[in-house]
Amino acid sequence: MTDYTKAALELAHEALYRTSPNPRVGCVLVGEDGAIIGQGSTQRAGGPHAEVMALRDAEQRGHSPQGATAYVTLEPCSHHGRTGPCCDALIQADVAKVVASIADPNPAVAGNGFARLRAAGVAVEVGPGAEASRELNLGFFSRMIRKTPWVRMKAAASLDGVTALHNGASQWITGPAARADGHAWRARACAVLTGIGTVLADNPRLDVRDVPTERQPALVLVDSALAVPLDALLFGASRRTYIYTAVAHEERRSALEALGAIVITMPNKAGKVDLPAMLQDLGRREINELHVEAGYKLNGSLLREGLIDELLVYLAPKLMGEGMGLAQMTPLTSLAEAHALSFHSVDRIGDDLRILARLQGRDRF
């Protein structure tokens, strides 16, 4: 991987909290003498993509992109969506070569951008930085390939796995650095999901406060009986709110819709919310990353139905004894029945540990 691709990946990372539902992409334009003449990253949905931003930057610097090489972290798009095709912008700018990290999984692109570039005489190289680019956009890849979001379950626990005392007290198990880091993970998500139990017990806001962000993630509430109070703090933020329920309660629906919520009735045979169908619906609503901050009952349901992709767990250096665990699960009779995980990363955050662990095989798509 060249320094130019590394620079493009750094630009893509800078777009982490901004581009949803579009992928995070960076682009660096390099002149024939090897100097960087322009760079940019994808803006908010509906705004310019990374390639256009880099071309504009070159123009503002007084450089011509003719004969330049564009290092970009994802295949330049070839379709008319909220913006025009980026491959056409590069062709019109007369760049000589495009070095892309990975092909776009969007069926509307999926190699067409590369094909159009090559047909116009632009040399194309694919591969440098592929793993890093895919990792940065795992939710986008999930939605395009699996048609469902990448689902991340977040929890804070003591070293002996307790997430709350028997009386429900849980504030604060972890320290301020871990809590701020949790807000950063909220900010990168397209939506934050919680359950009615958490709302009734804690009345949380579940918005992003501890890190600067250009947008608030949408809110997803699982509320089988439409029991959410109309004055819940969840409704205080300016954001899309989806409430999934199992009942057709028109009066409650109308009251919630008057608050701006979108109410979706989606029952399963047991009279609860159909969680797999909910994920399919969220995929159709362009949710890439779904960040779960729920209680042990909903966590358990999501795990039992095989809907969690990874766990984001903050472990505090304390022992709390008996209390509520991470997820309500059926007792196992064999170790072979355990959910197998692989540690993706383990980091010290303030006085706490942050563990990112993936359900084995969930990222193979």
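The following dialogue examines how terms are applied to a predicted model.

Guide: In this predicted model, local features need pLDDT of at least 70, side-chain atom pairs count only at pLDDT 80 or more, and totals for chains, interfaces and linings use all residues. Residues are numbered from 1 along each chain as its sequence is written, and side-chain values use heavy atoms, with hydrogens and water left out.

Visitor: What makes strand 2 and strand 5 the edge strands?

Guide: Strands are DSSP runs of E with at least two residues, helices are runs of H or I with at least four, and both are numbered from the N terminus. Two strands pair if DSSP finds at least two bridges between them. Five strands form an open sheet of mixed pairing in the order 2-1-3-4-5. Strand 2 (36–41) and strand 5 (123–126) each pair on one side only, and are the edge strands.

Visitor: How do you know that strand 1 pairs with strand 3?

Guide: Four bridges join strand 1 (residues 26–30) to strand 3 (residues 69–72), and the definition asks for at least two, so the strands pair. Their directions are antiparallel.

Visitor: Why is the pair of Tyr 4 and Tyr 71 called tilted?

Guide: Rings of Phe, Tyr and Trp (its six-membered ring) pair if their centres lie within 6.5 Å; planes under 30 degrees apart count as stacked, over 60 as edge-to-face and the rest as tilted. Two aromatic pairs are counted by this rule. For Tyr 4 and Tyr 71 the centres are 5.0 Å apart and the planes stand at 40°, so this pair is tilted. Tyr 4 lies in helix 1 and Tyr 71 in strand 3, so the pair ties together parts that are 67 residues apart in sequence.

Visitor: Why does Tyr 71 count as buried?

Guide: Buried means under 20% relative accessible area, exposed over 50%, and partly exposed in between (1.4 Å probe, protein chains only). Tyr 71 has 13% relative accessibility and therefore counts as buried, whereas Tyr 4, at 24%, is partly exposed.

Visitor: How do you know that the charged end of Arg 134 sits over the ring of Phe 365?

Guide: The rule requires NZ of Lys or CZ of Arg within 6 Å of the ring centre and within 35 degrees of the ring normal. The charged end of Arg 134 sits over the ring of Phe 365, 4.8 Å from its centre.
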